[in-house]
Amino acid sequence: MMVEEKKQTWRESRIKPEQMAKYLQDGRDFIDDDALEARLRQGEPEATRVRASIAKARAIQSLDLDEAAALLAVQDPELWAEMRAAAAEIKHKVYDNRIVTFAPLYMSNVCVNSCVYCGLRQENDAVARRTLTADEVRAEVEILAGKIGHKRLIVVYGEHPRSDLDYMLETIRAVYDVKVPARRGYGQIRRVNVNAAPLPTEELRELQAVGVGTYQVFQETYHKATYRAVHPAGTFKGDYDWRLYTMHRALEAGIDDVGIGALFGLYDWRFEVLGLVAHALELERALGIGPHTVSFPRLEPAENTPFNESLRWRVSNDDFEKVVVVLRLAIPYAGMIVTCRENPGMRRRLLPLGCTQTDASSNIGVGGYQDAEQHGDRQQFLLADTRTLDEVVRDLAAMGCITSFCTAGYRCGRTGQCIMDLLRSGAEGKFCKLNAILTFREWLDDFASAETRAAGEPVLQKEIEEVRQKMPKAFPEFMQSYERICAGERDLYF
Ligand code: SF4
């Protein structure tokens, strides 16, 4: 097919109104801007009401929009302190002291959209465009999995015919292909999460079949007037509802783990928190499955992008902490992702309050991992945290956290409704704890520096002792697996 012909076919295959219309209620989507704004105008809530919501969250039940709005309206510092303590407690109850790490892999930076806050918008000539070939993808993964030791990636695609579904499938297969010898075992990516444009249901089915973990699409802003202002009409991304119902289609297509998110700084952070809560509640209502992860990146400066230089709605560090606390209370079962956009100090502050996943050794340039090796790290001024995975793991160990490289969940069918039920009941923690120990053992033996290994061993021993005491029945079988890992076997999981 000629390039122009392919482009035309691709355009026509994008937005399918019937695939979102069926989810509308009385012809309307689930974000009612006026109703959300009205909730945010309500005064400070009674302490008893706030404490009732905290108790509900502690029972790992989602909060409704009125309850979430009330938490956002709290002014009393003592009540905020109670909310922070509860958020930390819930994080610990559901996810214990585990932190999952991953790296982003930008496959391409071509895009047909014109989002005013994005350096990759199509009319920005300041950016050199590139789309990795499958061989180039493999070369990037050899570094990520073979040298750094990552087991999970989030692969990122712009919306463009050059990075269409066929390209996604080819490059995801290329990621899974790579297996590199490591110090004792081998390096391999075991879970590929995807951040891409909203896809139609039939394409999502194909994506599911290739074996993806979480499919992420962020709404950017839930506020419709702002959405229209920053995503020009006539672009694909200008269609608010097509984007809003992506996760409905993904779940319908069999992708059980979906990730929602908002870009903080485009509009009032309180509104965006309510938008995320509304989205989670709607997914639970319509499909019985809430989001696997919630993301809340803060808008950062981008090359040749003046919009980002004078943001009316920039979010302060203190308010950003409140974003994390309220999301943890309102959607208590969900994984929460804090990225290298935040500096090390901010990440240390946010992780105990509810975050469960973080990236490390990240490079957001296309081909950036090889470039960084060959020419020095060109990305260091773009990301606020450029520490290596080894450094982040050591820092987490110093905080008493175990880095989990577990990717068993989706390979064992613990996804979607199943994982939600397990998380709510606390039962998932049992599998996760065992797998965190096994995968951390692997990683320390295969990739850790001597310093990080020394920091990680006491954490590991403490975890093993907890298993012995709290799971005496599972302990003998678990220790057999642990000994096999110590002897050099890899990828054992419960
Ligand atoms: S769709 Fe994504 S990559 Fe494209 S311009 Fe918008 S934010 Fe940037």
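Domain bounds in this description come from an automatic or database domain assignment. On that basis the protein is divided into domain 1, covering 3-25 + 96-388, and domain 2, covering 33-87. The structure is a predicted model, in which local features need pLDDT of at least 70 and side-chain atom pairs count only at pLDDT 80 or more, while totals for chains, interfaces and linings use all residues. Residues are numbered from 1 along each chain as its sequence is written.

The C-alpha centres of the two domains, domain 1 and domain 2, lie 28 Å apart. Two residues are taken to be in contact if their C-beta atoms, placed from the backbone, lie within 7 Å. By this criterion, 22 residues of domain 1 are in contact with 20 residues of domain 2. On the side of domain 1 that touches domain 2, at least two residues each are supplied by α13 (269-287), α14 (317-330) and α15. Helices (H or I, at least four residues) and strands (E, at least two) are DSSP runs, numbered from the N terminus. The largest share of this side of domain 1, nine residues, comes from α13. The residues on this side of domain 1 divide into 15 nonpolar, three polar and four charged. In this classification Ala, Val, Leu, Ile, Met, Phe, Trp, Tyr, Cys and Pro count as nonpolar, Asp, Glu, Lys and Arg as charged, and the others, Gly among them, as polar.

Helix α15 (residues 344-354) also packs against helix α6 (residues 77-95): their axes come within 5 Å and cross at roughly 70 degrees. The axes are lines fitted to C-alpha atoms, for helices over the stretch in contact, and angles run from 0 to 180 degrees between N-to-C directions. α6 and α15 are therefore roughly perpendicular to each other; angles under 35 degrees count as roughly parallel, over 145 as roughly antiparallel, 65 to 115 as roughly perpendicular and the rest as oblique. Arg84, Ala87, Ala88 and Lys91 of α6 make the contact with Pro352, Leu353 and Gly354 of α15. By class, these residues are four nonpolar, one polar and two charged.

Several single residues were examined for burial. A residue is buried if 20 or more other C-beta atoms lie within 10 Å of its own, exposed if 12 or fewer, and partly exposed in between, with C-beta atoms placed from the backbone. Met107, in the loop between β1 (98-106) and α7 (134-148), counts as buried, with 28 C-beta neighbours inside 10 Å. Leaving aside neighbours within four places in sequence, Met107 is in contact with Leu132, Val137, Val155, Val156, Tyr157, Ser163 and Thr171.

Phi is near 55 degrees, a positive value in a residue other than glycine, for Ile60 and for Ser361. Ile60 lies in the loop between α4 (47-58) and α5 (65-72) and is partly exposed, with 16 C-beta neighbours inside 10 Å. Ser361, in the loop between β10 (357-359) and α16 (368-375), is buried, with 23 other C-beta atoms within 10 Å.

Ala487 lies in the segment after α22 (475-486) and is exposed, with 8 other C-beta atoms within 10 Å.
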